[in-house]
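Please open the model in your viewer and keep the selection tool at hand. The stops below say what to select next and what is to be found there.

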Amino acid sequence: MRPALAVGLVFAGCCSNVIFLELLARKHPGCGNIVTFAQFLFIAVEGFLFEADLGRKPPAIPIRYYAIMVTMFFTVSVVNNYALNLNIAMPLHMIFRSGSLIANMILGIIILKKRYSIFKYTSIALVSVGIFICTFMSAKQVVRSSQIILCIGALTFALLMSARMGIFQETLYKQFGKHSKEALFYNHALPLPGFIFLASDIYDHAVLFNKSELYEIPGVGVTLPIMWFYLLMNIITQYVCIRGVFILTTECASLTVTLVVTLRKFVSLIFSILYFQNPFTLWHWLGTLFVFIGTLMYTEVWNNLGTTKSEPQKDNKKN
């Protein structure tokens with residue numbers, strides 16, 4: 001029951017979160033900082049109340065390690081927002097971030113001295129080609145070449161930094177044990193002072209949000225500027241998404257989690273293209289196909305499905 005609930009939360013929360021993020025970004029492309037600040041504040045307050053027990057519960061992992069992790073996490077969030085501020089198309093943003101497998105493999109080889117099979121190298125090559133096709137075709141739709149270069153540079157840096165953070169988390173969990181809820185709280189609470197440097201941008205967008213048209217929330221009767229409604233829904237759906245992923249990681253194998261998240265990205269991508277009518281050519285579809293086939297190859301889903309199917313046959317032979 002819990003895995004089914006988790007899958008439902010991931011699809012409902014993450015997919016709708018992308019919708020509200022695009023609604024916000026289309027109206028005000030530079031609103032990434034106020035969105036991130038609101039999300040961090042909400043999750044930090046919730047974690048302070050229920051995970052940290054109003055500060056009375058000491059952390060299982062020393063704060064100095066969280067400080068390093070938080071620096072990476074905050075940097076990734078700010079850089080991703082910078083890419084959105086450059087008015088990058090949301091489908092390209094989603095496809096590019098699907099390249100995390102490449103970044104994880106590269107840093108895994110360099111830092112952890114990992115070695116992979118030819119099958120995995122092939123899957124990474126497919127993902128790389130898919131992202132290159134989508135990026136190259138999107139670059140043709142951008143008037144300023146400097147803009148697409150900045151976008152690619154920012155997203156590449158964010159990918160590598162996010163992968164480095166994942167490796168750092170992996171080593172911490174091996175040393176201190178898994179404390180996902182605690183990490184979620186500290187990753188969102190400790191960076192809050194950093195938003196002081198973005199205060200003027202956050203304030204400016206808060207003023208713009210106040211000037212947006214009024215919207216009456218159905219069934220509640222409360223009226224507020226529509227941009228604040230979009231932001232509120234973005235925060236709620238982001239929390240639902242994160243909680244769903246957390247339940248999924250505790251109840252299911254990592255392969256299942258990867259498949260669910262990958263399928264969720266695909267559904268979000270299709271919805272973004274159809275509902276918001278984002279420009280998406282045949283080349284974009286080909287690149288997207290490469291990305292998702294490469295992702296499924298990397299997780300070895302077909303091998304696992306083949307193993308699952310063969311097990312009942314072996315049992316029948318024994319009987």
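Begin by selecting phenylalanine 48, whose place is in helix α2, residues 32-50; helices here are DSSP runs of H or I with at least four residues, numbered from the N terminus, as strands (E, at least two) also are. Before going further, note that this is a predicted model, in which local features need pLDDT of at least 70 and side-chain atom pairs count only at pLDDT 80 or more, while totals for chains, interfaces and linings use all residues. Residues are numbered from 1 along each chain as its sequence is written, and side-chain values use heavy atoms, with hydrogens and water left out.

Phenylalanine 48 counts as partly exposed because its relative accessibility is 37%, where buried means under 20% relative accessible area, exposed means over 50%, and partly exposed lies in between (1.4 Å probe, protein chains only).

Now extend the selection to Leu41, Val45, Leu49, Phe50 and Leu54, which together with Phe48 form a nonpolar patch on the surface, with about 560 Å² of accessible area together. Such patches are made of residues with over 30% relative accessible area and no salt bridge, nonpolar side chains (Val, Leu, Ile, Met, Phe, Trp, Tyr) being joined within 5 Å and like charges within 9 Å; the areas come from the Shrake-Rupley method with a 1.4 Å probe, and for residues only the protein chains shown count as cover.

Next come the salt bridges, each a side-chain nitrogen of Lys or Arg within 4 Å of a carboxyl oxygen of Asp or Glu; by this rule the count comes to three. Select glutamate 51 and lysine 57, whose closest N and O atoms are 3.1 Å apart in a salt bridge; glutamate 51 is buried at 14% relative accessibility, whereas lysine 57 is partly exposed at 40%.

Then select arginine 56 and aspartate 53, a salt bridge with its closest N and O atoms 3.1 Å apart. Arginine 56 is exposed at 59%, and aspartate 53 is partly exposed at 35%.

Move to helix α1 (residues 2-27), where glutamate 22 and arginine 26 lie four residues apart, about one turn of the helix. Their salt bridge has its closest N and O atoms 3.4 Å apart, with glutamate 22 buried at 2% relative accessibility and arginine 26 partly exposed at 45%.

Finish at histidine 188 in helix α8 (residues 180-189), which is buried, with a relative accessible area of 5%. Which residues is histidine 188 in contact with, leaving aside its neighbours within four places in sequence? Select Gln39, Phe40, Ile43, Ala44, Phe73 and Ile242 to show them, contact meaning heavy atoms within 4.5 Å.
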